[in-house]
Amino acid sequence: MQRVGVFVCWCGSNIAGTVDVQAVSEALKSEPGVVFSANYQYMCSQAGQDMIKEAVKEHNLTGIVVCSCSPRMHEATFRKTAAAAGINPYMVEIANIREQCSWVHKDIATGTEKAIILGKAAIAKVNLNTPLTPGESPVTKRALVIGGGIAGIQTALDIADAGFPVDIVETKPTIGGKMAQLDKTFPTLDCAACILTPKMVDVAQNEKIRIFSYSEVSEIKGFVGNFDVTIKKNARYVKEDICTGCGACVEKCPMKKVPNEFNLGMDNRSAIYIPFAQAVPKVATIDPNACNMLKNGKCGLCARVCTAGAIDYTQKDEYINEKYGAIVVATGFNPISMDKFDEFAYNQSKDVITSLEFERLTNAAGPTAGHLERPSDGKSPKTIVFVQCVGSRCDACAEKGKEYCSKICCMYTAKHAMLTRDKYPDTEVYVFYIDVRTPGKNFDEFYRRAVEEYGVKYVKGMVGKVTPEGDKLKVQASDLIANKQLHIDADLVVLAAAIEPDKSARPLATMLTASMDTNDFFTEAHPKLRPVESPTAGVFLSGACQGPKDIPETVSQAGAAASKVIGLLAKDKLTGNPCVAHSNELMCNGCSSCEKVCAYGAITYENKEFRMPDRTTKIRRVAVVNPAVCQGCGACTVACPSGAMDLNGFASNQIMAEVDAICK
Amino acid sequence: MKVSYFPGCTLKNKAKDLDMYAYKSAEVLGITLEEIENWQCCGGVFTTAKNEIATKLSSVRALKEAYAKEQSLVTVCSACHNVIKQTNYAMQNDKDFSDTVNRYMAEDGGYFGETEVYHYLEMLRDLVGFDKLKEKVVNPLAGKKIAAYYGCLLLRPSGVMKMDDPENPTIMENFIKALGAEPVIYAQRNECCGGYVSVESPELAKKNSNAVVRNAKAQGAEMIITACPLCKYNLVKNGADIPVVYFTELLAEALGVKEDTNE
């Protein structure tokens, strides 16, 4: 029999307001095994913890029940207290009489009765508790960063700076992400390339960082400290280590009519290409869907002009296995498709463009060398209408848009409007908005400059219809403040499309067993207190994969994620969770039920020799749990038909004892 | 399959085409339209006179008759459909409204919007299926570029009509595709033709109607189809220089029953 001490917390008036704590500690005194019972104002305070330690010494306690708040709040605190008093930390049970009792009940009688019952259940359980010791696992001192945009780049640089090797996996032929496509950045208007490309070069030159570009993660196994990852390097038909990036092949390639994805299809590239001048790695890639040589064996011009001999038409996809201690997700975002928003005539006119396309149109390295020209006829637009919130904050049309605010559009639209008025002062610029949201350092000042100094016409209201007519776009909109309909003949309409997580995020989350919200943004472990960690141990979040973010915010989060990774990799060993499943091999019949339900791949089978009662031996197939991989979810214990599977700390007999105590 | 059918007054006068092609085509597709007995005018304009109970009673009578026969109620005219669907919605969701109506019609027993109301286009999409319609086409209208004109009443208010996305509808375009023709997407397809102000402000109506036709033509349309007699009247009156026809006429043509309808 255990010697159990019961400690009832008042939590100020949080519990004591609706639960008679004195009555609870009195009632629990006579439960089996209880040798001490008391109550105190704040059990988690130093004085409260000292009270527990004293009682352990004085009454020689072997088990502790704390009737207090949720175990999520202070279980760890009281386990530490127990350990300090010389008791195994897993001999502590928490009865949650706050969240599940005092906070939800109104009168003292009901609250007190329920608190007593919850206390009895915890006592019944602790009587069956056994001391548990967590296992240890080593930490592979290498990090994986998935995504090579500004988020991934910053995280990788910071981790490498602390001395740990990092690999970046990027699906595109170059790192740089969306930021590489931008023209200027708000609120300081420094050019995106000028501040990004030096960082890209730093990544390329850092000895601790390897870049797997044109690659994707195809499999992830293992657990925190010990991830086992397969990276698929797609064949780019160019030997990366030999190619010098001279560009001779690009020039000579006869297949020049391939839509250039870097310029969002607004101009063409060749079948062999380097996305942009500052690409990292600066090596060519052959697009297998466009290359004549790869499609029908006719051409081979690039191989002939390549003096380095880097072209290899026979290159195959390559799979690389690597071990990592931590994984950072930095998969970023994309603007949503405008197909379902055709009231703005995006598919009807070339002169209706998205804001990202506008960035390329004003970028000196873009398709028009930075001259603002209409895509249809190359004329300079005299009237431009910007439409904000296209697909954002769209609660009435959730199936085609997004309910959330995309956060970055107010600022980049102010930037576009301001820069247009600055470079082309005779252009009339309208911005239609639902609300202007510009919190952030120097952000509101920036927006006000657009209005006050640059004369951008901000109109509260939405555009209802864009009708292409001749070489004009007839814009029909409402001005909600003047309460009138506006009809504007525009030359260019720019849509601030909502942003959504990259499509690769969902399958990646499945591989990582990391959780996502309904919009496919990765969920953080705690929205305020653990914003860069995923609930899955060892997985960290950087940038817009977790929610819409601008560059300053992304870089801050990238650094924060890096510091968490460094904290993890700095450890030599990780302490595991001892509350994992184990199989009683004498009862196991090797049916595989548990293996099928295990989401973590923690269960394997082995053939074992057993001595039979008649002294013969027999080989049987039995389940074995890898305690380092098991997450203690308990699915296998329910699936096991013979009752061989059980969970440490949550054994079937312990759960039944709790139920019995409650139902008595 | 038999369904109750509410033609509406315009379909018995100005818009006879809309009506008779609807009948014939439905037969080919295996649906019998049973005209509501002694139906009365739908009551006209729901949106501008919601509190006027008396004008809604004819709609409720039609709905109740379909309910008594355990049939869905099918309409063709955009305006009738709008009134009947909105009335039915109010009977389901607005207790004050349904209580008053039921008091007015006490001897007939209570009604709370149980009948399913389909527009003919919805009937084609949901009860027949555009795939099946495609199979039944004998004269595919191949190569014809047709602009669907929704007007204002067919899709709105979208929360009540629940037919299609009011800004980017596809139902008529899919209908056109099923008949083998090529739908033309154009911006003005769901704008108002100005029908409601055609008496008060003929100039404004003309401006709106012309904008629709001009935009459809600019996107390459050779023909405009509509489900609304008022839209058709306005577009034609204000000088549309491409044919404007009811969608049912096109349907009858594709199904090969246009000629015998005219006989």
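Predicted model: local features only at pLDDT ≥ 70, side-chain atom pairs only at ≥ 80, totals over all residues.
Colleague: How many helices and strands in chain A?
Modeller: Chain A has 19 helices and 34 strands. Both are DSSP runs numbered from the N terminus: helices are H or I with at least four residues, strands are E with at least two.

Colleague: And what does the C-alpha trace of chain A span?
Modeller: About 90 × 70 × 40 Å along its principal axes.

Colleague: What percentage of chain A is buried?
Modeller: 46% of its 664 residues. A residue is buried if 20 or more other C-beta atoms lie within 10 Å of its own, exposed if 12 or fewer, and partly exposed in between, with C-beta atoms placed from the backbone.

Colleague: Among contacts in chain A between residues at least 6 apart, what share join residues at least 24 apart?
Modeller: 70% of them. Contact here means that the C-beta atoms of two residues, placed from the backbone, lie within 7 Å.

Colleague: Switching to sheets. What is the order of the open sheet of 5 strands in chain A?
Modeller: S10-S7-S6-S18-S29, with parallel pairing. Two strands pair if DSSP finds at least two bridges between them.

Colleague: Which strands stand at the edges?
Modeller: S10 (209–212) and S29 of chain A; each has a single partner strand, so one side of each is left without a neighbour in the sheet. The twist from one strand to the next averages 20°. Angles run from 0 to 180 degrees between N-to-C directions, and axes are lines fitted to C-alpha atoms, for helices over the stretch in contact.

Colleague: How many bridges join S6(A) to S7(A)?
Modeller: 4, with S7 covering residues 166–169 and the two strands running parallel. One pair of bridge partners is A:Val145 and A:Ile168, the latter in S7(A).

Colleague: Which helix packs on that sheet?
Modeller: H16(A), which touches S6, S18 and S29 of chain A and makes about 170° with the direction of S18(A). H16(A) runs over residues 551–569, 19 residues in total, and reaches 26 Å from first C-alpha to last. That is close to the expected 27 Å, where the expected span is 1.5 Å times one less than the number of residues.

Colleague: Which of its residues are buried?
Modeller: Among them are A:Ile551, A:Thr554, A:Val555, A:Ala558, A:Ala562 and A:Leu569. Their cover includes helix H7 (150–161) and strand S8 (184–185) of chain A.

Colleague: What about the sheet of 3 strands?
Modeller: An open sheet in chain A, ordered S11-S12-S17, with antiparallel pairing. Its edge strands are S11 (215–223) and S17 (318–324), each pairing on one side only. S12 (residues 226–233) and S17(A) pair over 7 bridges, and A:Lys233 stands opposite A:Glu318.

Colleague: Back to helices. At what angle do H2(A) and H6(A) cross?
Modeller: Roughly 35°, with the axes of H2 (residues 21–28) and H6 (residues 108–126) coming within 9 Å. The H2(A) side of the contact includes A:Ala23 and A:Leu28, and the H6(A) side includes A:Thr112 and A:Ile123. By class the contact has 7 nonpolar, 2 polar and 1 charged residues. Nonpolar covers Ala, Val, Leu, Ile, Met, Phe, Trp, Tyr, Cys and Pro, charged covers Asp, Glu, Lys and Arg, and the others, Gly among them, are polar.

Colleague: Where is A:Thr18?
Modeller: In the loop between H1 (13–16) and H2 of chain A.

Colleague: Why does A:Thr18 count as buried?
Modeller: Because it has 23 C-beta neighbours inside 10 Å. Beyond four places away in sequence, A:Thr18 touches A:Ser102, A:His105, A:Lys106, A:Ile108 and A:Gly111.

Colleague: And A:Gln181, buried or exposed?
Modeller: Buried, with 22 other C-beta atoms within 10 Å. A:Gln181 sits in the loop between S7 and S8 of chain A. Its C-alpha is 7.1 Å from that of A:Phe262, 81 residues apart along the chain.

Colleague: Last one: how many residues of chain B are in contact with chain A?
Modeller: 11, against 12 residues of chain A. The chain B side has 3 nonpolar, 4 polar and 4 charged residues.

Conventions
Residues numbered from 1 in each chain as written. Chains lettered and ligands numbered in written order.
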